[in-house]
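User: Please take a close look at one part of this model, the nonpolar surface and the packing and aromatic pairs around it.

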Amino acid sequence: MEVADHKAPTLENGQLADENADVLQFMDSMDAYFTLLHSLSSTLRQGWLELASARHSMGAYRVNTVLLDHTSHSAATTLLVTQDEGKVDSVEPRFTLCKWGSSSNEKFLGEKQSSQDQLHPQLRHRGSTQLSEEKTSSENKASCEIDDQVQKGRSKSLSVFGTLVSPKLRSAQLSFETALETLVEMANARSEMLYAFDKVDKKLGDGKE
């Protein structure tokens with residue numbers, strides 16, 4: 001009497017499921033990348049139209065590159081590149097956009113919260129509900145402070161065009177800011193796509209061997 005061995009089929013089914021999951025991840029990341037690419041094209045088109053409308057209403061002499069600050073100064077928006085914490089064995093980079101000095105504000109607020117925790121350690125012994133409410137209130141306050149800084153940064157960048165600017169110019173600023181955010185999302189999507197492709201390619205290569 002022969003005993004059927006079910007271990008090999010089970011192992012093959014598991015490997016096939018992993019390969020299918022990797023292929024689906026690759027296809028999803030590719031779809032996300034091309035979706036963002038289409039969104040970027042639409043956003044840039046909208047931004048240029050709004051800028052042209054603002055230039056028409058305010059006059060070419062008021063919306064001109066000559067008015068921009070060409071001196072050396074710190075960047076209002078920076079790009080932070082880190083490694084994906086969820087994938088320690090990979091070299092997949094993650095891109096984070098820090099707009100209008102938001103990274104420095106977040107760091108300052110984080111240090112401020114840490115110093116308050118050190119000065120008031122008894123807060124840790126309060127009820128969990130009260131601690132949760134205080135944490136939410138603190139996060140909302142921090143978010144409002146960062147939003148205020150962002151608004152100030154936007155207004156300051158437009159101040160070179162005069163005190164009263166066309167609403168179209170503000171809309172163009174938001175459109176190009178959104179386009180910059182989309183570019184960063186595209187970079188992350190491309191990173192995920194390449195990571196998924198490497199996984200599929202590696203497993204296909206191992207299967208041929």
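Analyst: Val-23, Leu-24 and Met-27 make a nonpolar surface patch of about 270 Å². Patch residues have over 30% relative accessible area and no salt bridge, and nonpolar side chains are joined within 5 Å; areas come from the Shrake-Rupley method with a 1.4 Å probe. The model is predicted: local features need pLDDT of at least 70, side-chain atom pairs count only at pLDDT 80 or more, and totals for chains, interfaces and linings use all residues. Residues are numbered from 1 along each chain as its sequence is written, and side-chain values use heavy atoms, without hydrogens and water.

Met-27 is found in helix H1 (residues 7-58), where helices are DSSP runs (H or I) of at least four residues, numbered from the N terminus. With a relative accessible area of 49%, Met-27 is partly exposed (buried means under 20%, exposed over 50%, partly exposed in between).

The largest nonpolar core has nine residues, among them Phe-26, Tyr-33 and Met-193; a core joins buried Ala, Val, Leu, Ile, Met, Phe, Trp, Tyr and Cys residues through side-chain atoms within 4.5 Å. H1 and helix H4 (167-208) each supply at least two of its residues, and H4 gives the most, with five.

Phe-26 in H1 also pairs with Phe-197 in H4, 171 residues apart. Their ring centres are 5.7 Å apart and their planes at 45°, so the pair is tilted (centres within 6.5 Å; planes under 30 degrees apart count as stacked, over 60 as edge-to-face, the rest as tilted). Phe-197 is partly exposed at 40% relative accessibility.

Notes:
Patch = residues over 30% accessible without salt bridge, like charges linked within 9 Å, V, L, I, M, F, W, Y side chains within 5 Å. Salt bridge = Lys/Arg side-chain N within 4 Å of Asp/Glu carboxyl O. Buried < 20%, exposed > 50% of the residue type's maximum accessible area, 1.4 Å probe, protein only. Phe/Tyr/Trp six-rings, centres within 6.5 Å; stacked < 30°, edge-to-face > 60°.
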